[in-house]
Amino acid sequence: MRLPLPRLLCACALVLAFLVAPARAALDEASLAGLAGDFQSRLDTIEALGVAGGEDARRVLDALEAGALGVAGGRAVIVQGESVVAAANGEALALAASAVETLTVNNRVRRALGTARAALALASADRGERLAAARTLADNAGQSLLPLFERALANEADDEIRGVLARAAARVNLSSADPAQRLKAARALGESSDPAVKALLAALLEKQGDVWVEPNGEVRAAADMAIHAIDRRIATAETVGTLFSGLSLGSILLLAALGLAITYGVMGVINMAHGELLMVGAYATFLVQGLFRSYLPAYVDWYVAAAIPAAFLAAALVGVAMERLVLRHLYGRPLESLLATWGLSLVLIQGARVVFGPQNVELANPAWMSGGIELAAGVVLPWNRIVIVGFAVFVLLLIWLMMQKTRLGMFVRAVTQNRAMAGCVGVPTARVDTLAFAIGSGVAGLGGLALSQIANVGPAMGSGYIVDAFMVVVLGGVGQLAGAVWAALGLGIVAKFLEGWAGAVIAKILVLVFIIVFIQKRPQGIFALKGRFADS
Amino acid sequence: MRTPLTLRILHSTPRAGWIALAVFAAITWIAVPVAHAVLAEAHPLHLSAYSVSLLGKILCYMVVAVAMDLIWGYAGILSLGHGLFFALGGYAFGMYLMRQIGRDGSYQSDLPDFMVFLDWKELPWYWAGSDSFLGTLLLVGAVPGLVAFAFGWFAFRSRIKGVYFSIITQALTYAAMLLFFRNETGFGGNNGFTDFKRILGYSITSPEMRATLFALSAALLMACLVLGRYLVTSRFGRVLAAIRDAESRVMFIGYNPLHYKLFMWTLSAVLCGLAGALYVPQVGIINPSEMSPANSIEIAVWVAVGGRGTLVGAVLGAGIVNLAKSWFTMSFPEYWPFFLGFLFIAVTLYLPDGVVGLWRRLRARPAAAPDAPPVPTVHRDARPVSAARSSAKDPAELPAVKGAEA
């Protein structure tokens, strides 16, 4: 293919001029002539100002927004107090301010102004501003913005902004008269994961009467491919989203179940008030938040960190009180312990109702935990859940270190495996009981802290968790940390996938049925203890 | 030759028990119906509709408590899901009651109001036969019985017991509650069944009907007590108690605990279902909250308060707790959960044998005899699980039941 050199050079010069021009040139009178014309030409001129860019354009737009831009004698002028200056270059004119007919700013003008401002902001040095501007422009782009997109694409280094701009340009090009442009656009749009783009492409594949909306078959094929690509991307994002919510549910279950696994493992007692220990932890967090708001308002975002020891200690204290006052005296009577701890949970719930009132209390996410990562349109991974997953890992690590590396952990494991024998070799079983109960309860308190960041905090918030937590312990096998982890994550993820497929209630029932069937096969849980102590 | 069944039933309840039952029958079959339906409202001995409903409700609860005692006190299986069977019986009878409304509902439709509201055009298949009284009577026992049988079969076969079993039954009733809360399930969702009009064509609010239902509840309770007493004193009951106290030993002798547990478990569920069916017309409403885990666990505390493994204790416990409840919820509603919570704790800590155990202890003390004779209505084998651990008596009793089929 041969291109005549002179024409190529000319084209290069033109593009260069376009790129360089706005940075330095003052506006010429002609580019503002439209302001004196009819309404539509005014709107076009305003948009074109934004596309052209530069300091002078910004000055004119500022004036328009302030209601100081006007027309006098076919020229665009700006009223500055009593004096009047030319809009194009700011030179003073011998005109009275009263002779100027100022332009009214109605909604359509305001919209055009918004577009123009966004176009200006595309040249901003701040990445966030550019991204926001690109998103604004992408939503209501027309042919007139194409040169702007191309110019910005040439200068833009950030991949995310480039993506937004490229898709916006492609969207505009989709209605281009040139089939080659449309083909390119349809292919480019396949990179998107936005359902709105998908709808746009799908519109091309429809027939009006016997005539295709899109006459060119190649473009239609490209659009079809693009739609499939978008579908795949949305499906992947949704799967990742569901996996993540399963993971986050699993983390909450794990935090609730870790404590129960310890107390049940050591004492063989199901603490039916375990859910209420979550509630105690959550209310402790609420109190810490209140303290921060009153005394340290500058650090209120960090109340969650300060609440970690508070929630742990509050729940641990309640747990120790329960163990000392009630459970200790019911040793060897697991069913009665069940009833007594249920009674405790009733008392705790009603206590919270009396002290804090029956309504849910309001707990704010700190700023650094709000927002999220957007995977695709409508699929967001919220920061608070991400933090909770991390927190669960952290707590798990601490518990593991405690159980495996400390003397107390060794005692706890010994008592879990064989209480009588542990006692015989000198383990102070009574003290181990109390300490294990304190730690288990404290971990539940930490679970309550985590829960307070994603769910409502009210007197009965914990009651729904005891059964789920116990299921995790059963599935995982008693006294098995690894089992509890697998069971919690597995249950969480399975529950969330079932929920998407069959609804929350059916999912809950299916999970329950699954657990009952599972226990048929493996009564001792996923990780059964082997040896004589397994048969108790 | 074996003694005839009637004689055996007759002998299973001691004479004092029969006298007590006769007095109870006289009160519930004659005195209460007369006081409510015959005496004029101005009469000082007249019983109000509210009182009769309340007492009738408590009679139904007593039946549930006896059913609970049979499975917990005598088989050592603590169910935290008995509210489910009670509610299933109630729903089964509620379906009949809904059909009896006919076209008197607010939408004047053949379908129950909530179905019209959901824009359903015909009855779902599982409502078939709900207009027949006899069919409903069958369902009232069969539905809870079948659910319990299926669940028990799986659970007992894999030897799930103790707290495992308790928690799973609790999860079961919780899941059922969620299921019944859904409108699509076809049982009225949140609101359940209410606004009943008549049974067999007779108005449900007439004093005669109320008195009849009350007398029927009392009859059911007495039948449960007699049947329960017969069962627990029979060979079957001895094996069951042995399973409760030392399951492995019983298995090694050659019995299969599955059959014993499963029979008692299913029977207990059927009794609950019957109680539920009598409860619904007296209270006038059935909704999914009857299946909430809290309701089921309350049943356990009735039995614990009265004294496990005594049958009479269950009746006393249900009466005491429910009368206390209706008094508390009227006078100090906000303290009822505290009272109930502390009751749970206090009974398990200080009254392991319940009120009956306390009564026995008080009677034994003045006599100062180490081997005081047991109270006539209480069988001496009827001891709670805890006290029966490592008991030396059971092996001595076992040979007596060796003939029973495993």
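**Exercise 1. Find which residues of chain A the UniProt annotation "transmembrane region" covers, then describe two of these spans.**

Step 1. Read the record. The unreviewed UniProt entry lists residues 243-265, 277-296, 302-326, 338-356, 376-403, 469-495 and 501-519 of chain A. Such annotations may be inferred rather than shown by experiment; positions follow the numbering used here, and feature names are shortened.

Step 2. Note the source. This is a predicted model: local features need pLDDT of at least 70, side-chain atom pairs count only at pLDDT 80 or more, and totals for chains, interfaces and linings use all residues. Residues are numbered from 1 along each chain as its sequence is written, with chains lettered from A and ligands numbered from 1 in the order in which they are written.

Step 3. Take residues 243-265 of chain A. The span is 100% helix and 0% strand, with end C-alpha atoms 30 Å apart. Helices (H or I, at least four residues) and strands (E, at least two) are DSSP runs, numbered from the N terminus.

Step 4. Take residues 501-519 of chain A. Here the chain is 95% helix and 0% strand, and 24 Å separates the end C-alpha atoms.

**Exercise 2. Describe the side of chain B that touches chain A.**

Step 1. Count. In chain B, 34 residues are in contact (C-beta atoms, placed from the backbone, within 7 Å) with 30 residues of chain A.

Step 2. Locate. α7 (162-181), α12 (293-306) and α14 (336-350) of chain B each supply at least two residues. α7(B) gives the most, with twelve residues.

Key: Contact = placed C-beta atoms within 7 Å.
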